[in-house]
Amino acid sequence: MDAEQKHIIDLKEVNIYQQKHLILSNVNLQLEAGEFVWLIGKTGSGKSSLLKTLYAELELTEGEGEVAGFTLKKLKTRKIPLLRRKLGIVFQDFQLLSDRSVIENLLFVMRATGWKKKDEIKDRIDEVLHLVGLPTKGFKMPHELSGGEQQRVAIARALINHPSVILADEPTGNLDPATSGRILDLLRDISQQGTTVIMATHDYEHMRKFQSKIIVCENAKLVDKSSETLAE
């Protein structure tokens, strides 16, 4: 078991395709529990394709990959939901259910992933809403919340199942700079508690403030540029 969990994410010589078109080639990526990683690159460079490979939206057909103890290349369709319970996924556009309250949005995920006991469900919802700074907002509808609050709900939803990894795809793209900073602080705190966070972003300003590992999608490659000075 220890050998399996040495890296929470381990990609070796992976080629990533979208509809038979090669997007990224010879991808090598090893991340440990609690790492915070910036994922950058121009639009269309492969950032989302990489994240989709990690959560098995795109099938891994070439190379070797493990995420949270699951082998991606041999992953059967029925096992994909099990993998995704180990992952929290946060999107730019929140993707909350607009006709349900905050609590009902969280309940929807919990029921879909096998939570049964009412007291455990209530305790976990209370816990994640406190974690994201929204302890009193459970009965609000999404349209009653600001953009930043909606993104906090999306992060709470991603945290429900105690994920090993959070994959955040431009989570601050629709937010103002101050709100973006608060969302980033929250994701940094989550990583410091042991959850690996990969954050796809164009937000160079906040990257300069929070220096961490940087990987770049460019020229169909994934390049580690952690040691380089950021340029616009």
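User: Is E35 buried, exposed or partly exposed?

Analyst: This is a predicted model, in which local features need pLDDT of at least 70 and side-chain atom pairs count only at pLDDT 80 or more, while totals for chains, interfaces and linings use all residues. Residues are numbered from 1 along each chain as its sequence is written, and side-chain values use heavy atoms, with hydrogens and water left out. Buried means under 20% relative accessible area, exposed over 50%, and partly exposed in between (1.4 Å probe, protein chains only). The relative accessible area of E35 is 23%, so E35 is partly exposed.

User: Where does E35 lie, and which residues does it touch beyond four places in sequence?

Analyst: Strands (E, at least two residues) and helices (H or I, at least four) are DSSP runs, numbered from the N terminus. E35 belongs to the loop between β2 (21-31) and β3 (36-40). With contact taken as heavy atoms within 4.5 Å, E35 touches Q30, S191, T195, T196, V197 and K213.

User: Which side chain of opposite charge is nearest to R188, and at what distance?

Analyst: R188 is located in helix α6 (residues 177-192), and it is buried. Lys and Arg count as positive and Asp and Glu as negative, with His and the chain ends not counted. A salt bridge requires a side-chain nitrogen of Lys or Arg within 4 Å of a carboxyl oxygen of Asp or Glu. R188 has none; the nearest side chain of opposite charge is D185, at 7.0 Å.

User: How are α5 and α6 oriented relative to each other?

Analyst: Axes are lines fitted to C-alpha atoms, for helices over the stretch in contact, and angles run from 0 to 180 degrees between N-to-C directions. Helix α5 (residues 147-159) packs against α6 at about 15 degrees, with the axes 10 Å apart. Angles under 35 degrees count as roughly parallel, over 145 as roughly antiparallel, 65 to 115 as roughly perpendicular and the rest as oblique. Therefore α5 and α6 are roughly parallel.

User: Which residues of α3 make the contact with α4?

Analyst: The axes of α3 (residues 102-112) and α4 (residues 118-131) come within 11 Å and cross at roughly 120 degrees, which means that α3 is oblique to α4. On the α4 side, the contact involves I121, R124, I125, V128 and L129. On the α3 side, the residues are V102, I103, L106, L107 and M110.

User: What is the relative accessibility of L106?

Analyst: L106 is part of helix α3. Outside four places in sequence, L106 contacts I125, V128, L129, V153, A156, R157 and I160. L106 counts as buried because its relative accessibility is 0%.
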